[in-house]
Amino acid sequence: MLGLPDRINAFLFDLDGVLTQTAKVHATAWKDMFDAFLRSEAERTGAPFVAFDPVEDYDRYVDGRPRLDGTRQFLASRGIELPEGASQDPPGSRTVNGLSAAKNDTVLRMIREQGVQPYRGSVAYLQRLRELGLPRAVVSSSANCRDVLRAAGIDGMFDVVVDGITAARDHLAGKPAPDTFLAAAEQLGVAPEHAAVFEDALAGVAAGRAGGFGTVVGVNRTGQAAALREHGADVVVDDLSELLGERG
């Protein structure tokens, strides 16, 4: 009735793009921040301005990764190296922390202005899991995870939340490393081979595969089904409602 192998008895969900319609918010925020920075760099150096691509660059370098890692990955792709700075750096400062803070400010503003909508199919899937008494976790790189869950009205549907704050506190490597998913499985008291990972990000799918999870479900929100499979997804769906429909 859940569209997955019978050996699966725990369920680990990414947040943005799997449960909530916030992946586009993040892509927009990354583009706003990086384009402003790249324009200033072009003016400073005389090099041509090449904008951040909210699809290709987002998917390849930042989607699913911790915020600071995403900033570093994209800058490295452009051959740009900046000082790390500190968490207290003003948003927009010419440091990894400063640029990351500017991106986060934009995300928070957009969430306040636009709200957060969950995907109906994901909510239906969560409700089925809850009815069956099966353990559920959110595993997100975002430090804003709990705020987003509350804004979407689904914060009470999970037994465990492993987010960016948890990762920093417990020194867990971010996706594509499997550490955060493994930590969630441990908190749920289930072996990875008996848990399913649900991810829309290529880095997240790779993390699920690296962790030896029983099933990795790729959620194809942006037309990258082939890439999700290449990175390790066992099953690819456009929406979690498809899993509920597979067995009637």
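## Strands and aromatic rings in a predicted model

Student: In strand E2 (residues 136-139), which residues cover the two faces?

Tutor: Happy to start there: this is a predicted model, where local features need pLDDT of at least 70, side-chain atom pairs count only at pLDDT 80 or more, and totals for chains, interfaces and linings use all residues. Residues are numbered from 1 along each chain as its sequence is written, and side-chain values use heavy atoms, with hydrogens and water left out. In a regular strand the side chains alternate between the two faces of the sheet. In E2 both faces are covered, and the buried residues (under 20% relative accessible area, 1.4 Å probe, protein chains only) are Arg136 and Val138 on one side, Ala137 and Val139 on the other.

Student: Thanks! Which residue stands opposite Val138 in E3?

Tutor: Strands here are DSSP runs of E with at least two residues, helices are runs of H or I with at least four, and both are numbered from the N terminus. Two strands pair if DSSP finds at least two bridges between them; E2 and E3 run parallel and are joined by three. Opposite Val138 stands Val161.

Student: Over to the rings: why is the pair of Phe13 and Phe158 classed as it is?

Tutor: The structure holds 12 aromatic pairs, that is, rings of Phe, Tyr and Trp (its six-membered ring) with centres within 6.5 Å; planes under 30 degrees apart are stacked, over 60 edge-to-face and the rest tilted. For Phe13 and Phe158 the centres are 6.5 Å apart and the planes stand at 65°, so the pair is edge-to-face.

Student: How many residues apart are Phe13 and Phe158?

Tutor: Phe13 lies in strand E1 (residues 10-13), while Phe158 is in the loop between helix H6 (145-152) and strand E3 (160-162). Phe13 is buried at a relative accessible area of 0%, and Phe158 is buried at 11%.

Key: Buried < 20%, exposed > 50% of the residue type's maximum accessible area, 1.4 Å probe, protein only.
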